[in-house]
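Please read the briefing below alongside the sequence and the model, which are shown first.

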Amino acid sequence: MLLAGFGTFLFLLNLAMLLLAVVAIFIAATAREDAYRAADKKTKPFWLIILGVTVAVNLLVPMLFLQLAGLVASIVFMVDVRPALQQVSGGGRGRRGGGGGSSSDGPYGPYNGGR
């Protein structure tokens, strides 16, 4: 019984790592090439290769050490590269309603010069 539960846990863990890698490679593939350069991150082909190898390892080579290395790459992409790409591309979710804002807007609304 305990081994069956552990096997289920490992299956779900592998599925979660695969899902994260697939989402990361989809985001990397749909981002613009110039956004990577503007965000001063590695190139788009670099991330596509790294994340593609991660997906392949998760699907074809069930070795936990290699999967964990791919997990680190996926996490780095999601928490470092993706926000930088969103900021450069103007896809940030900082404003409600999708409205345009002025260049003097701060994080809590428009700055009015102390008035």
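Contact here means heavy atoms within 4.5 Å. With its neighbours within four places in sequence left aside, Asn58 is in contact with Met17, Leu18, Ala21 and Gln67. This is a predicted model, in which local features need pLDDT of at least 70 and side-chain atom pairs count only at pLDDT 80 or more, while totals for chains, interfaces and linings use all residues. Residues are numbered from 1 along each chain as its sequence is written, and side-chain values use heavy atoms, with hydrogens and water left out.

**Overall make-up**

- The secondary structure of the protein chain comes to four helices and two strands, where helices (H or I, at least four residues) and strands (E, at least two) are DSSP runs numbered from the N terminus.
- Read from the N terminus on, the elements of the protein chain follow the order α-α-α-α-β-β.
- Of the 115 residues of the protein chain, 22% count as buried, a class that means under 20% relative accessible area, with exposed meaning over 50% and partly exposed lying in between (1.4 Å probe, protein chains only).
- Among contacts in the protein chain between residues at least 6 apart in sequence, 58% join residues at least 24 apart.

**Packing of α3 with α4**

- Helix α3 (residues 44–60) packs against helix α4 (residues 64–89) at an angle of about 140 degrees, and their axes are 9 Å apart; axes are lines fitted to C-alpha atoms, for helices over the stretch in contact, and angles run from 0 to 180 degrees between N-to-C directions.
- That angle makes α3 oblique to α4, given that angles under 35 degrees count as roughly parallel, over 145 as roughly antiparallel, 65 to 115 as roughly perpendicular and the rest as oblique.
- The contact is made by Trp47, Ile50, Leu51, Thr54, Val57 and Asn58 of α3 together with Leu66, Gln67, Gly70, Ala73, Ser74, Val76, Phe77 and Val81 of α4.
- By class, the residues of the contact of α3 with α4 divide into nine nonpolar, five polar and no charged; Ala, Val, Leu, Ile, Met, Phe, Trp, Tyr, Cys and Pro count as nonpolar, Asp, Glu, Lys and Arg as charged, and the others, Gly among them, as polar.

**Packing of α1 with α3**

- The axes of α1 and α3 come within 9 Å and cross at roughly 155 degrees.
- That crossing angle makes α1 roughly antiparallel to α3.
- Residues of α1 in this contact include Met17, Leu18, Ala21 and Ala28, and those of α3 include Lys44, Leu51, Thr54 and Asn58.
- The contact of α1 with α3 has 12 nonpolar, three polar and one charged residues.

**Individual residues**

- Asn58 lies in helix α3 and counts as buried, at 11% relative accessibility.
- Ala16 has its place in helix α1 and is partly exposed, with a relative accessible area of 45%.
- The C-alpha atoms of Ala16 and Leu71, 55 residues apart along the chain, are separated by 9.7 Å.
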